[in-house]
Amino acid sequence: MDKQQLFDEMKTAVLEGEIEAAEEIARKALEMGIPPLECIEEGFVAGINEVGRLFEEGEMFLPELVAAAEVMKAALAVLEPELQKQQVTRDIPGKVVIGTMYNDIHDIGKDMVASMLTAAGFEVHNLGVNVPCETFIGKVKELKPDILGLSALLTTTMPEQKKVIEALEKEGLRQSVKVMVGGAPINQEWADSIGADGFAENAIEAVKVARSLVNEK
Amino acid sequence: MLRRKFQPVRSQLEFRLLSARDIKKIHEAALEVMEEVGVRFPSNLALDVLEQAGCQVNRETMVAKLPSKLVVESLRQAPSQYLLAGRDPKDDMWIDDKTSYLSTDGCAVEVYDIETGKLRTSTKQDITDACKVADYLPEISYVWGPPVSAQDVPAITRPLHEIEASMDGTTMHIQPETVISRKIAEYALEMAAVVAGGKEELRKRPIFSFMQCAMDPLGQDGGSLEASMVAAEWGIPTGFMPMPMSCATAPATLAGNLVVTTVDAVSPLVLMQLVNPGTPVYFAAAPTAIDLQTGGYTGGGPEDFLLAAAFSEICHFYQIPLAMGAFATGAKEPDWQAAVDNSFAGLMPVLTRTAILNGAGTLNGSKIFSLQQLIMDAEIYSMIAKVAEGIEVNDETLAVDVIKKIGPGGNYLSDKHTRRHMKEIWRPTVYDRKPYGAWLESGKKGAFEEATEKARWILKNHEVKPLDPKVKEEFARIIKAAEKELSK
């Protein structure tokens, strides 16, 4: 099997959401000595781009997008250790820390955003749900992300978003990170009023906003 | 751009409104009225046939009393299933008691212009445009009408121009309701025969059927009767559409309305079976109630929805296909009222497995045609089609393995089971589901604006298989001959 055939199989695995197949092809590629960076860029990212194009054209749907992102994540888990070993760095658009606010346990929307960002090449650290303000601050210090994503589904947990932004300011971290807010009750007006940098109504929009925020930096 | 194949609906749900006893009582009441009072057939040709079959005929009042035995025999002779053919065989419709097809509505006299949005008198070109959009929409199975009247051509040959314009716009089956004289019927069938490749071919593959209006209560129209007698001779399916309005042309009570509807739908079937035993006939109906304030036609409302479902059940009892007046709201614009009317008026016939729903695209009680309304009605129908599917319960759809695998708090987004089945979820084409911000950004674009864009796109991009130039030449010759003969 030649290199191009393997890349095509990677692409197909992404398009069809085949996680196990993707892991297997990634391992096989490494065994054959194909540079992991090439696998990512020529194989999996090419697949992600194709999925994005088909989604824009209305030929693919959100679950397929999420599945593609899951495949990407699984493939990266196989390939990234090898990248590190070879001391090669992957060109990523940015690093994201994302989580649902304290006392809020709703994660489906936040997880969709995380998946879409992963698919778009971002390095995503998903902190899960019910995340206390201090944890967000700690992770920003530790990981130095480009973007901090704060999700709230309840009107009662919306003020937590404000609290985190204030805490970032107090810690002198506000200038180092762009803050994106989202969730069903959130709108642009709220985002502006608490001094957030970005807001999106759905996961697809969130990727666009994240890209433009990273470019602003 | 080729059209996707149409989607006839086979409802998995069943809704029952009348009991078997109710239906029997309505049937017996209709028989009693036909036998004791009779029905007006204002055509001596029709009365000759009926008299010969043993009906008591009064030539002065033109009323024929139909013996119950004759009525029951005729109902038995008429087929329960038959073909309504398309000009292109891929558009063929098999009419039976399980499948529901949606047609365009007819025959409006004004249109909302797709470019200006203004109301204007309808033209021959509007027919082709309406048919072209209908041809593209998978939900629409054939053209009843024409959708609008061709008011820019001479009245005398207008029905023939309307047939030509319809065929220019679609390869689907065509069911004119404007062929209402013996002479015009002959010319119309001659046109159909040219396309079908002869009279015999046309009988085998009727790319045409006729629809006539009844003159409620207890009466028919002379010209329409004679036109349909020609159709029966040719073996072309014909239907008669009573539209009794409770309080005006029918009793105020809906059960009484159903008796009048039944009489006015069944009585011409008897004539058709006498003219040509076994000729395909369908029932049509649009029973309603008057508006109590103005006395006007309503084009919607709960009585219409009830009557539609009930008459459909009566037609199943007779095992004769029904073409039910559906959609065709009384609303003046594609608004809330239009959506309410057309959702109910589309759902009830489908849940009672009505063969044909006439039809999509009009406003103001079938007087105004709108391409946007046509597209939005098709979308309502696609939702009804989804509802009519019901819910399938088996191991695969119960998905217990998947539920166990995902466990508490997980999600099903990227699971293979989701990808296998997600396309079963209904997807809109014009229905607005944009996020609020995107909606604002689009200039508050809703279904109407989406439908406007879609209509323009279809008119620009959809190509309909054109008529053979030789057929067009024949059409011109036939229309000219008709003009010459009929203007005498």
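I began where the two chains meet, bearing in mind that this is a predicted model. The contact draws on 12 residues of chain A and 11 residues of chain B. I then asked which elements give two or more residues to the side of chain A that touches chain B. I found helix 4 (62–85) and helix 5 (108–119) of chain A. Helix 4 of chain A gives the most to that side, with five residues. I also sorted the chain A side by class: five residues are nonpolar, three are polar and four are charged.

Next I turned to the domains of chain B. The assignment gives domain 1 as 9–18 + 75–388 and domain 2 as 396–424. How many Å separate the centres of domain 1 and domain 2 of chain B? I noted 43 Å, taken over C-alpha atoms.

My last stop was a sheet in chain B. Four strands make up this open sheet, in the order 9-8-20-19, and their pairing is mixed. I looked up the edges: strand 9 (119–121) and strand 19 (362–363) of chain B each pair on one side only. I then followed strand 8 (residues 110–112) of chain B to strand 20 (residues 368–369) of chain B, and found that the two run parallel and are joined by two bridges.

Notes. Residues are numbered from 1 along each chain as its sequence is written. Chains are lettered from A and ligands numbered from 1 in the order in which they are written. This is a predicted model: local features need pLDDT of at least 70, side-chain atom pairs count only at pLDDT 80 or more; totals for chains, interfaces and linings use all residues. Two strands pair if DSSP finds at least two bridges between them. Domain bounds come from an automatic or database domain assignment. Two residues are in contact if their C-beta atoms, placed from the backbone, lie within 7 Å. Ala, Val, Leu, Ile, Met, Phe, Trp, Tyr, Cys and Pro count as nonpolar, Asp, Glu, Lys and Arg as charged, and the others, Gly among them, as polar.
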